[in-house]
Amino acid sequence: MFNRLFAILCLCVPLEALAQGKTTDFILDNGMQVVVIEDHRAPVVVHMVWYKVGSADEPSGKSGIAHFLEHLMFKKTKNLQAGELADTVAANGGSHNAFTSLDYTGYYQRVAADRLELMMQMESDRMTGLQLSPDDIAVERNVVIEERNQRTESAPGALFKEHLNAALFLNHPYGVPIVGWMHELEELNYDDAMAFYKQHYAPNNAILVVAGDVTPDDVKTLAERYYGVLPANRAITPRARRQEPPHRAARRVIFHDERVAQPFFTRTYLAPERNSGNQRGAAALVYLAQILGGSSATSVLGRTLQYDTKQAIYTSAQYRPMALDPSTFSLVAVPASDVSLQQIEDALEATIANFMADGIDIELFERIKSQFRASEIYAMDNVSGIAQRYGAALTQGLTVADVQAWPQILQEITPEEVMTLAGQLFDEKASVTGWLMGPKEQAQ
């Protein structure tokens, strides 16, 4: 009942005002940014530390080192024994995890609000106090290798995706898998881990996000006590990555694997990312993905290929707006049993061509806009999700103001903007087409 009333009241309030809520941010003297999101409905706090370094920042030949270091961060530190942080969180009834992405590495704990100081004490200790041993390296390297074996080597779809990314990005490190290439993973060592740690883990390369039953003053006091005393790393410079050259030729990946039971088709395009102060293009592509491949019953691809012609059993369009550098927009179609990959590719291309000629169904557009508004309102009820939004955005070049403006920007997008971006997006030269199939299947 409360959630429904909350949503109804929010319908009359500008989304940008709602997104701002009780959010405060400040910078410690050593350069660490802190974001505080107040939510006093439950005596719980989410404590997150985000580092502005991901797999796309790895040295050449050291793929997987960012994710490898994420695992090693749970080893011994100056004041903690290996595994002590995880054990302490569990003993206090909380939860924790860590994650590595292309653009960031993050660590979080969700605990009772009165345990926030303890979390800061432990997390700040491993920011600069990690103490690794050769045994740590050998054990955790085997863990990461086994993770790759389970999630990638044993999954033809994952291997296929790796090849697609490598073919799409001609020069940018987004073409390298986050987990790393196996032959490079096997060679990672102590010196690699410590060099990466000392280069990137420092307060002036990190963002602290605290959300929940807290006040900005209390968080600032604790942050200054535990993080503010850590020295900044003056050697840290703005990230400079290899960028993509002009794409002058479409690429194609045909992947055969005997484990594939269901073939499918995909085409992925380079796409613009969300940029600070200039988010409307990304917002238009969010709409385009939903219009083309959202609901199978109402989207352009679903309605045409699944329901009208019955050539596909599944379709989708996927766009990843959050990225520091150029992102991707993908179209997917799984053909029906009597339809070849060539036929489904031709049918999808024809469907997109018709969409570009006919334009957007305004009724569908307005329905999607309402769904976006509702989802943004309900998202404000998830304090962990809000904290995640800020951390991911700030490590990928956006600002607090950008995060707060995004929901309202989504409501301001017009069908004309979506079609303009679609016309710019569908450049086959900036794409890779993929066919995933079993060993005996033919394209025709």
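What I would like to show you begins with an open sheet of six strands, which run in the order β1-β2-β6-β3-β5-β4 with mixed pairing, where two strands pair if DSSP finds at least two bridges between them, and where strands (E, at least two residues) and helices (H or I, at least four) are DSSP runs numbered from the N terminus. Please keep in mind that this is a predicted model, in which local features need pLDDT of at least 70, side-chain atom pairs count only at pLDDT 80 or more, and totals for chains, interfaces and linings use all residues. Residues are numbered from 1 along each chain as its sequence is written, and side-chain values use heavy atoms, with hydrogens and water left out.

At the edges of the sheet stand β1 (23-27) and β4 (95-100), each with a single partner strand, so one side of each has no neighbour in the sheet. From one strand to the next, the twist averages 15 degrees. Within the sheet, β3 (residues 44-51) and β6 (residues 206-212) pair in the antiparallel sense over seven bridges, and Val-45 stands opposite Gly-212 in β6.

Which strands does helix α10 touch? Helix α10 (residues 216-226) packs on the sheet against β1, β2 (33-38) and β6, and its direction makes about 150 degrees with that of β2; here touching means heavy atoms within 4.5 Å, and angles run from 0 to 180 degrees between N-to-C directions, with axes fitted to C-alpha atoms, for helices over the stretch in contact. Helix α15 (residues 383-395) also packs on the sheet, touching β1, β2, β3, β4, β5 (105-112) and β6, with its direction at about 15 degrees to that of β3.
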